Amino acid sequence: MMKKVLSIVLVLTMIAALATGCAKAPADNGGSTNLTGSLADIVDKIYAAHPVDLSLGTENVDITDTAWMLPQFTGLQSADGVKEAVVSEPMISSIAYSLVLVRVEDAKNAQSIAQQMKDGINPHKWVCVEADDLAVCGYGDVVMLIMVSSDFAGDGITAQALVDAFQSVCGGKLDFTL
């Protein structure tokens, strides 16, 4: 029953995301634009561009929980400069896959925050598995961190495939990739 409800919610969310498109608003960050809409909506658009066949859930990250939640999912030790974050991970915790979106307060600081995420994330956070394929990229005020086990490459689930999907959501352009 729970899987059926979750499936319906995900389908409706994806339909709504596809119907609204990728709206953008101008920003003062060197000519780039900021993505509008919720981070969860952006995650749905990424998965619409590149479906991932894992039982995934998307949750808000409590950025005030700097003792566990923030570093666990984003690699950040401080929420300074961060507005919000979401994580999309399998509902079974022994699968090494994590897609994180962070919205920063000022797009000019996005690459610096992205580097902190890359340097601070623990790709061994799961029991018995690790993510050995990792990428961090950004567009406007949104930073994406993707890490996945290379065991999923045969299924087309790679960090680069998700970076490419994010890039398509961003209109075909990224500001940086680390």
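Six strands line up as an open, antiparallel sheet in the order E3-E4-E5-E7-E6-E8; strands (E) are DSSP runs of at least two residues, numbered from the N terminus, and two of them pair if DSSP finds at least two bridges between them. This is a predicted model, where local features need pLDDT of at least 70, side-chain atom pairs count only at pLDDT 80 or more, and totals for chains, interfaces and linings use all residues. Residues are numbered from 1 along each chain as its sequence is written, and side-chain values use heavy atoms, leaving out hydrogens and water.

**Exercise 1.** Work out whether Ser88 is buried or exposed, and what its side chain contacts.

*Solution.* Then check accessibility: Ser88 counts as buried because its relative accessibility is 0% (buried is under 20% relative accessible area, exposed over 50%, partly exposed in between, with a 1.4 Å probe and protein chains only). Now list neighbours: leaving aside residues up to four places away in sequence, Ser88 touches residues including Val43, Leu56, Gly57 and Tyr97 (contact means heavy atoms within 4.5 Å). Last, the side chains of Ser88 and Tyr47 make a polar contact at 2.7 Å (a pair of N or O atoms within 3.5 Å; within protein, one must be able to donate a hydrogen and the other to accept it, and residues adjacent in sequence count only if both atoms are side-chain atoms).

Terms used. Helix = DSSP H or I, 4+ residues; strand = E, 2+ residues; numbered from the N terminus.
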